[in-house]
Amino acid sequence: MAVYPAMPMACIPRGSTKTDWEVELGVVIGRTAKYVSQADALDYVAGYCVLHDVSERAFQIERQGQWTKGKSCDTFGPTGPWLVTKDEIEDPQDLPMWLKVNGETMQDGSSRTMIYGIAYLVSYLSRFTSLQPGDIISTGTPPGVGMGQKPNPIYLKAGQTMRLGIAGLGEQQQKTVAAK
């Protein structure tokens, strides 16, 4: 008899009114990068992964100050299922990516539509802080987040299932639960 692990949970924080989803390409740093040129930036990348940038938009936008509080709640930011080394990915700037909520496709895009390319992001961020091995850069998300749904935004509720993935990097799944 096979034993399967429990589905990971995404906790909707207390007071949340606008918890949202974002499938993103994660860029994992392989060696210390400080003041790196854009031409050399990819030499500092160890590989890539799926990153789910769960965000509570009311905390992020409506509660004054930095966005960090809307991005840092318990269980937000599940990463994986694995690290895929950069030599295994032919073109990280052309990876199909998708996200479904309760089986309905909400995001269906590609890393080719990223506003900023990976080399630019590594170079730019290394101007302000040393990037260390194991650091993960979350690169942005394709259209289809709940906040952007027309005519009305759609946000997560307890009991929903999110499934997301990026071609060649794997898939992940979480079930939403109310925080205790």
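A polar contact is taken here as a pair of N or O atoms within 3.5 Å; within protein, one atom must be able to donate a hydrogen and the other to accept it, and residues adjacent in sequence count only if both atoms are side-chain atoms. The structure is a predicted model, in which local features need pLDDT of at least 70 and side-chain atom pairs count only at pLDDT 80 or more, whereas totals for chains, interfaces and linings use all residues. Residues are numbered from 1 along each chain as its sequence is written, and side-chain values use heavy atoms, with hydrogens and water left out.

The side chain of S55 forms a polar contact of 3.0 Å with that of E22 and another, of 2.9 Å, with that of K71. S55 belongs to strand 5, residues 55–56 (strands are DSSP runs of E of at least two residues and helices are runs of H or I of at least four, numbered from the N terminus). With a relative accessible area of 0%, S55 is buried (under 20% relative accessible area; exposed is over 50% and partly exposed in between, with a 1.4 Å probe and protein chains only). Leaving aside residues up to four places away in sequence, S55 touches K18, T19, D20, E22, Q60, G70, K71 and F76, contact being heavy atoms within 4.5 Å.

Pockets were identified on a 1 Å grid over the protein atoms alone, as open sets of points where a 1.4 Å probe fits, with protein on both sides within 12 Å along at least five of seven lines; lining residues have an atom within 4 Å of a point. Grid points are joined across faces, edges and corners, and a volume is the space filled by probe spheres set on the points. The largest pocket has a volume of about 310 Å³ and is lined by E22, E24, D53, R57, Q66, W67, T68, K71, S72 and T141. Its lining comprises one nonpolar, four polar and five charged residues (Ala, Val, Leu, Ile, Met, Phe, Trp, Tyr, Cys and Pro count as nonpolar, Asp, Glu, Lys and Arg as charged, and the others, Gly among them, as polar).

The second largest pocket has a volume of about 260 Å³. Of its 15 lining residues, I115, Y116, T139, G140 and T141 are the closest to its centre. Helix 3 (118–126) and strand 9 (136–138) each supply at least two residues of this lining, which divides into nine nonpolar, six polar and no charged residues.

The count of disulfides (pairs of cysteine sulfur atoms within 2.5 Å) is zero. The sulfur of C11 lies 9.8 Å from the closest cysteine sulfur, in C73, and is therefore too far for a bond. C73 counts as buried, at 15% relative accessibility.
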